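This report is for a reader meeting the structure for the first time. Please look at the sequence and the model below before reading on.

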Amino acid sequence: TFVRNLIINAAPEEVKEKLKEIKTKLDLFKNKVLKDYKKSVIGISLLPPPPKGKDDKKDDEFHVFILAHEQDIKKVLDVRDKLIVDIEKIAQETDKRLKPQVMMVDELKEACFDAKYDLIQLIANSAILYDSTDMLVAVKVAEIHKSMVIKKFEKYIVSYVAAGSLFRGEKSNDIDVYIVVDDTDVKKMSRFELRDKLRNIIIDMSFDAADIVGVKKQFHPQIYILTDFWESI
């Protein structure tokens, strides 16, 4: 659960102690938010503490990430602005140390498109409090798996793409990711041999990543060859 998520993320001991101290307040904050905005809010998690500055006096702040979804594209900004104001008020009433950060699913997708990987890593390393669609879990397992894959096959990996309805903020039984492998500089084997060789290892890594996070959904990495895309154009 909550403490388990934090242990999985290898959080420092001082963070674990602070978590125990404020857990009641976090649960209270979560319940208040969901009471008023359960239709909009699909995820809540405790973010890792920001880096400390020399004169940083904000050690007692707890940054809480709130992920919200609005299907009507015309209402996204209005819903976001209202959530920011109202959730900030809830946080202040619950505990002034709580610092909520509201993001819409569309904004999270834009962050991926804009290669804001630091933000994705921050969310992936957060401790999940609420995750109605399992989108936060999907981000977490995909980020861990991506790190494994890139560490092992960096020169061959062109793209690692989060795909499917779950990453759109919708419910799904599967977590799908697409991995594009560069075969243009391979001389010792055919591109299909390369794909199959890497595929077996990448699939094994997906099981490891799912075990680390404790994912119950099916995690499906799909491997593609770069030249297949060029030939299809």
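This is a predicted model: local features need pLDDT of at least 70, side-chain atom pairs count only at pLDDT 80 or more; totals for chains, interfaces and linings use all residues.

Which helix lies across strand 1, strand 2 and strand 3? Helix 4, made of residues 105-113, takes this place, and helix 4 runs at about 80° to strand 3.

Four strands form an open sheet in the order 3-2-1-4, and their pairing is mixed. Strand 3 (98-104) and strand 4 are the edge strands, each pairing on one side only. From one strand to the next, the twist averages 20°.

The parallel part of the sheet is the pairing of strand 2 with strand 3, which are joined by seven bridges. Within this pairing, Leu67 has Met103 of strand 3 as its bridge partner.

Buried here means a relative accessible area under 20%.

Strand 1 has antiparallel pairing with strand 2 (residues 62-68), over five bridges. Ile44 is bridged to Ile66 in strand 2. Strand 1 also pairs with strand 4 (residues 127-131), again in the antiparallel sense, over four bridges. There, Ala127 of strand 4 is the bridge partner of Leu46.

## A helix packed on the sheet

Seven bridges link the parallel strands 2 and 3. Helix 3 (residues 76-94) packs on the sheet, where it touches strand 1, strand 2 and strand 3. The direction of helix 3 makes about 165° with that of strand 3, whereas helix 4 runs at about 80° to strand 3.

## A buried histidine

His145 belongs to helix 6, which spans residues 135-153. Is His145 buried or exposed? His145 is buried, and its relative accessible area is 0%.

Leaving aside residues up to four places away in sequence, His145 touches Tyr160, Ile179, Ile202, Met205, Ser206, Ala209, Phe219 and Pro221.

## A nonpolar surface patch

Which residues form a nonpolar patch on the surface? Val161, Tyr178 and Tyr224 do, and together they have about 230 Å² of accessible area.

One of these residues, Tyr224, is found in strand 7 (residues 218-225). Tyr224 has a relative accessible area of 30%, so this residue is partly exposed. Partly exposed residues fall between the buried cut-off, under 20%, and the exposed one, over 50%.

Definitions and conventions: Residues are numbered from 1 along each chain as its sequence is written. Side-chain values use heavy atoms; hydrogens and water are left out. Two strands pair if DSSP finds at least two bridges between them. Helices (H or I, at least four residues) and strands (E, at least two) are DSSP runs, numbered from the N terminus. Axes are lines fitted to C-alpha atoms, for helices over the stretch in contact, and angles run from 0 to 180 degrees between N-to-C directions. Contact means heavy atoms within 4.5 Å. Patches are made of residues with over 30% relative accessible area and no salt bridge: like charges are joined within 9 Å, nonpolar side chains (Val, Leu, Ile, Met, Phe, Trp, Tyr) within 5 Å. Accessible areas come from the Shrake-Rupley method with a 1.4 Å probe; for residues, only the protein chains shown count as cover. A salt bridge is a side-chain nitrogen of Lys or Arg within 4 Å of a carboxyl oxygen of Asp or Glu. Buried means under 20% relative accessible area, exposed over 50%, partly exposed in between (1.4 Å probe, protein chains only).
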